[in-house]
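Here is a quick tour of a protein model, meant for someone new to reading structures. Have the 3D view open while you go through the points.

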Amino acid sequence: MAAATALSAAGCGTADDSPGKPEAGASSVAGFPVTVDNCGVRTTYDKPPSRVVTIHQHPAELLLALGLKDRMVGTAFPDSAVLPELRKDFAAIPELAKREPSFETVLDAEPDFVYGGYGSAFAENEGRSRKAFAEAGIDTYLNREYCGKKRVTMRDTYDEITTIGDVFGVPDRASALVADLRGRVDKAVAAVRKRPDVPVFVYDSGEKTAFTAGGKGLGNDLIGLAGGRNIFASLDDVFGDVSWEQVVARKPEVVMIYDYAGSGSVEQKKRFLLSQPALADVPAIRNKRFVVLPLTATLVGIRSAYAVDGLARGLHPESFR
């Protein structure tokens, strides 16, 4: 799902991480200070961050879409192909590690801000706690999807972009990006509004059991917006294991495969599902109806809006002819 040219032009959690607001008081930078409450950490910024390390791909793409390449001094853990419009800028930023970098590696980049995509970005048992960074004089921000309090929706994506725009002093760019993404989602939703919901089974990985998307993650909301129904929406978590008997009983008409590094290729996943005798009569398997989505497209970031359009076309192709 390619991002639109508007991304270049424009530039993990809950909705309680409201966009940052200027506080009263003098500041040498227009629009500052800005105070943000993020996953229980309250930070006041007297000026925008100028040296940023991102851990995980979706925070990096969000910053690039806001035109902040010149403030990025390191990335880490790319887990899918970079959006074509952002590929050149992404490649120009030093890659600190193939997975989460060590605390010392991050410090070597001399950042004043670290933006983590998954909770593991700030794993305490690996020495990368937010407290450790604070003690080193470095501000941190965790993608709101991983604040872990309630169900995540597209509203969280819009709020995340708005908050980051405030922190970096580019609120107009953030507003333009949000307007573009919201418009794309609204257009896709309108196209399938009168169509019946399609039962969808999300297959992330697993053989003895199926690791699937539950009702708390953004993936669940994307399916609903695209005219589908997650058959495991009642699972009270972002992800969880279910039995194959449960999959069979719920008769999904489409299998949505999550694609990301380290989980096996899409073709391997398809071969596995098609080779299982117990799944032979499941409508999605019998009719070989698969929709593929990069895992990064199901996270709070710029890709999720494009995911709605792609999913809607996969679930209701007749609405886009």
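Predicted model: local features only at pLDDT ≥ 70, side-chain atom pairs only at ≥ 80, totals over all residues.

Residues are numbered from 1 along each chain as its sequence is written, and side-chain values use heavy atoms, with hydrogens and water left out.

**Overall build**

- The protein has twelve helices and 14 strands; helices (H or I, at least four residues) and strands (E, at least two) are DSSP runs, numbered from the N terminus.
- The radius of gyration is 20 Å, which agrees with the value near 20 Å that a compact globule of 321 residues would have. That radius is taken over C-alpha atoms, and the globule rule is 2.2 Å times the number of residues to the power 0.38.
- Along its principal axes, the C-alpha trace spans about 65 × 40 × 35 Å.
- Of the 321 residues, 52% are buried. Buried means under 20% relative accessible area, exposed means over 50%, and partly exposed is in between (1.4 Å probe, protein chains only).
- The accessible surface comes to about 14000 Å², and 49% of it belongs to carbon and sulfur atoms. These areas come from the Shrake-Rupley method with a 1.4 Å probe; for residues, only the protein chains shown count as cover.
- There are 39 positive and 42 negative side chains, and the centres of the two sets lie 7 Å apart. Lys and Arg count as positive and Asp and Glu as negative, while His and the chain ends are not counted. Each charge is placed at NZ of Lys, CZ of Arg, CG of Asp or CD of Glu.

**The nonpolar cores**

- In soluble globular proteins, nonpolar side chains tend to be buried together.
- A nonpolar core here is a set of buried Ala, Val, Leu, Ile, Met, Phe, Trp, Tyr and Cys residues joined through side-chain atoms within 4.5 Å.
- The largest core has 63 residues, and the members touching the most others are Leu63, Leu66, Phe113, Ile161, Ile164, Phe168 and Met256.
- Which helix gives the most to this core? That is α7 (residues 171-192), with eight residues.
- A second, separate core of 18 residues includes Trp244, Ile257, Val266 and Ala284.

**An enclosed helix**

- Helix α8 (residues 218-225) is largely enclosed by the rest of the structure, because six of its eight residues are buried.
- Those buried residues are Leu218, Gly219, Asn220, Asp221, Leu222 and Ile223.
- What do they pack against? The partners are α6 (154-167), β9 (198-203), β11 (228-230), β13 (254-259) and α12 (303-315), with contact meaning heavy atoms within 4.5 Å.
- Just after α8, Gly227 takes a positive phi of about 90°.

- The peptide bond from Phe32 to Pro33 is cis, with omega near 10°. Look for Pro33 in the loop between β1 (21-22) and β2 (34-38).
- Phe77 isn't a glycine, yet it has a positive phi of about 65°. Phe77 sits in the loop between β5 (72-76) and α3 (87-91), and at 14% relative accessible area it is buried.
- Lys251 isn't a glycine either, and its positive phi is about 50°. Lys251 lies in the loop between α9 (244-250) and β13, and at 55% relative accessibility it counts as exposed.

- Ala76 lies in strand β5 and is buried, with a relative accessible area of 2%. Leaving out residues up to four places away in sequence, Ala76 touches Thr54, Ile55, His56, Gln57, Ala97, Arg99 and Pro101.
- Thr105 is in helix α4 (residues 103-108) and counts as partly exposed at 27% relative accessibility. From C-alpha to C-alpha, Thr105 and Gly74 are 10.0 Å apart in space and 31 residues apart in sequence.
- Cys147 is in the loop between β8 (139-142) and α6, where it is buried at 17% relative accessible area.
- Is Arg321 buried or exposed? Arg321, in the segment after α12, counts as exposed at 81% relative accessibility. The C-alpha atoms of Arg321 and Ser102 are separated by 49 Å.
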